Amino acid sequence: MISPWQLRASFAQRLSDMYGKEVPAYTTLVEVSREVNERVLRARGADAERLGSIGRVTAERHGAIRVGTPGELQQVARIFGALGMYPVGFYDLREAAASAVPVVSTAFRPVESEELARNPFRVFTSLLTPADPRFFEPALRARLEAFLAERELFPAELLTLADRAEADQGLSDTDAERFLQLAVHAFELSPEPVDQEWYETLEEVSAVAADIGGVRSTHVNHLTPRVLDIDDLYRRMTDRGIEMIDAIQGPPRRQGPDVLLRQTSFRALAEPRALRTRDGSVTGGELRVRFGEVEARGIALTRKGRALHDDLLTRLDEQAGSLPHADRAELAGALWDEHFPDSEHELALQGLAFFTYRLAPDRPGDGSRPPTDIADLLRQGWVRADPIVYEDFLPRSAAGIFQSNLSGEGSRNTAHEGTAYDSAWLSRAIGREVLDPFTLYEQQQNRSLAQVARELHLADGRD
C-alpha cells in the first residue's frame with residue numbers, strides 16, 4: 001500500500017513539475033530559493049534548521065486553488081483527505097482586501113507533527129461567494145450559479161479513488177498511480193476556449209471571480225516554495241529581471257526570531273489563452289491569473305502574541321496614514337523593535353509564542369525541587385524550549401498577494417451589507433470540521449508539557 005503521506009509527497013512533487021512546465025518563472029523561483037537556502041545554511045549552520053530541517057524546507061510547498069460552490073469544495077476535501085490533509089483555519093479575504101476579492105478560504109494540510117515532518121504540503125483553497133450582494137447583483141448571481149452548477153471539475157474515477165484511499169489509509173501501486181495522474185491533471189490549466197464576454201462580465205466585478213466562475217475548470221494559481229531569507233530572495237529575483245510585487249507581506253524583517261509568515265511573489269504573467277468571441281469564433285488572447293509566490297515561515301504565535309501582532313499592524317496603518325511619505329517598512333521595523341520581544345526566550349516567558357518543551361540536559365542537579373510554573377522552569381534552566389513552526393496563513397497577507405496581482409480594483413457596492421460567513425458555515429459547506437490552528441498548536445505544546453511534568457514527577461508531588 002502507498003500510504004497517505006507518500007501520496008501527498010508524490011502529488012506535491014508532480015504538481016511542482018507540472019507547474020514548472022506551465023509557468024517557467026516558477027522554476028526560476030525554485031532555483032533561487034535553493035540558492036538562498038544553501039547560502040543561509042552555510043552561514044548559520046545548525047541555527048538555519050531551527051524551524052525545520054533543510055530537507056523539509058527544500059521539499060516544502062504550498063499551492064493555491066479556487067472553486068465556485070460548496071459541492072466543489074466538498075470534492076476538493078475528498079481529494080486532499082486521501083493525502084492526509086484536513087481543512088485548517090478560516091480566512092475571509094473579502095474583508096482583508098481593499099480590492100474586490102469575493103472569497104472565503106481555508107487551508108488543507110497535515111495536522112500531526114510527524115506528518116508535517118514527513119511532508120508539510122498544504123493547499124490554500126478559496127471559495128467564491130456569489131451570495132454576497134456587495135459583489136453580485138441578483139441577475140448576475142443567478143447566471144453565475146447556473147454556470148457553476150453545470151460544470152464538473154473532478155471526474156468520478158478520481159473521487160472514487162480518493163474515497164478509497166482515505167477509507168483504507170492508502171492505495172495499491174496501480175491505484176495510486178492512477179489517482180496521482182488524475183489528480184494532477186485536474187489542476188492543470190485547461191486548453192478549452194474561455195467565453196470572452198462572460199469572463200469580462202465577471203472581471204468587471206473581480207478578476208478573482210472571473211478566474212473562478214468564468215471558466216469550466218480549475219487550476220493551480222500559484223505554487224510556493226519556502227525560503228530561509230525572503231529579503232535576499234526578493235533581491236536575487238529582481239536582479240534576474242523577474243518583476244516582483246511591490247512589497248513583502250507579513251511581519252517586518254528584524255533582528256529577532258521570525259514569527260508567523262512572510263510572503264512575496266512575482267507578478268501574474270500574461271499567458272496565452274484561447275478566447276471564444278460573441279459570434280462563436282475562437283481567437284488568441286491573454287489572461288493574467290497565475291503567479292509565483294514564495295514564503296518564509298516563523299514561529300507560531302499564541303492568541304496573546306497574535307493580538308499584539310495585530311495591534312501593531314493597526315498602529316502601523318495609523319502611522320503610515322499620517323506620514324504618507326515615510327517608508328512603511330522602516331515604520332514597521334521600529335514598531336516591532338519597540339514592542340515585540342527579540343528572542344525566543346522572551347517570547348516563551350511572556351507566553352507570546354508556541355513551543356515544545358523538553359528537559360535540559362544540564363538542569364539543576366543539586367536535589368532542589370523543580371518549580372511547577374513553565375516560566376520558572378525556563379528561567380531556572382530546568383527545560384529547553386523548541387519553537388513550533390507556523391503552518392498556516394494570514395488573511396491580510398493572502399489578500400495582499402491576491403491584490404498585488406490583480407489588473408484592476410473590481411467593484412464593490414458598499415450600500416449592501418455583506419453576507420456573513422464564518423468557520424462554522426464553512427465546516428457545514430465542506431462537510432468536515434474546519435480545525436482551529438490555535439487549538440492544534442496548543443495541543444502540541446501541552447503534550448510536551450505533560451511529558452515534562454511526568455519526567456519531573458510534578459503531577460504526583462514526588463521529587
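Which residues does arginine 78 touch, not counting residues up to four places away in sequence? In this predicted model, the close-up views below begin with that residue and then turn to other parts of the chain.

**View 1. Arginine 78 in helix α4.**
Arginine 78 is found in helix α4, which runs over residues 70-81, and, once residues up to four places away in sequence are set aside, arginine 78 touches Leu159, Ala162, Asp163, Glu166 and Arg432. With a relative accessibility of 26%, arginine 78 counts as partly exposed, whereas the buried residues of α4 are Glu72, Leu73, Val76, Ala77, Ile79, Phe80 and Gly81. The helix α4 has 12 residues and spans 16 Å from its first C-alpha to its last, which is close to the 16 Å expected at 1.5 Å a residue. Serine 16 lies 62 residues from arginine 78 along the chain, and the C-alpha atoms of these two residues are separated by 21 Å.

The whole structure contains 15 aromatic pairs according to a search, and the one shown here is made by phenylalanine 124 and phenylalanine 393, whose ring centres are 5.1 Å apart and whose planes stand at 65 degrees, so the pair is edge-to-face. Because phenylalanine 124 lies in strand β4 (residues 122-128) and phenylalanine 393 in the loop between β12 (383-387) and α17 (395-404), the pair ties together parts that are 269 residues apart in sequence. Both phenylalanine 124 and phenylalanine 393 are buried.

**View 2. A salt bridge between glutamate 391 and arginine 122.**
The structure holds 48 salt bridges, and in one of them glutamate 391 is joined to arginine 122, with the closest N and O atoms 2.5 Å apart. Glutamate 391 lies in the loop between β12 and α17 and arginine 122 in strand β4, so this pair ties together parts that are 269 residues apart in sequence. Glutamate 391 and arginine 122 are both buried.

**View 3. A salt bridge between arginine 253 and aspartate 231.**
Here arginine 253 forms a salt bridge with aspartate 231, and the closest N and O atoms are 2.7 Å apart. Because arginine 253 lies in the loop between α12 (230-239) and β7 (261-266) and aspartate 231 lies in helix α12, the pair ties together parts that are 22 residues apart in sequence. Arginine 253 counts as partly exposed at 49% relative accessibility, whereas aspartate 231 is buried, with a relative accessible area of 12%.

**View 4. A salt bridge between two helices.**
The side chains of arginine 328 and aspartate 317 meet in a salt bridge, at 2.8 Å from N to O. Arginine 328 lies in helix α14 (residues 328-339) and aspartate 317 in helix α13 (residues 303-322), so the pair ties together parts that are 11 residues apart in sequence. Arginine 328 counts as partly exposed at 36% relative accessibility, and aspartate 317 is likewise partly exposed, with a relative accessible area of 31%.

**View 5. Arginine 273, a buried charge.**
Arginine 273 is found in strand β8, residues 270-276. Although arginine 273 is buried, this residue has no salt bridge, and the nearest side chain of opposite charge, that of aspartate 211, is 5.5 Å away. Neighbours within four places in sequence aside, the residues in contact with arginine 273 include Leu189, Val215, Thr283 and Glu286.

How values were computed
Residues numbered from 1 in each chain as written. Predicted model: local features only at pLDDT ≥ 70, side-chain atom pairs only at ≥ 80, totals over all residues. Heavy atoms only, no water. Phe/Tyr/Trp six-rings, centres within 6.5 Å; stacked < 30°, edge-to-face > 60°. Helix = DSSP H or I, 4+ residues; strand = E, 2+ residues; numbered from the N terminus. Buried < 20%, exposed > 50% of the residue type's maximum accessible area, 1.4 Å probe, protein only. Lys, Arg positive; Asp, Glu negative; His and termini not counted. Salt bridge = Lys/Arg side-chain N within 4 Å of Asp/Glu carboxyl O. Contact = heavy atoms within 4.5 Å. Expected span 1.5 Å × (residues − 1).
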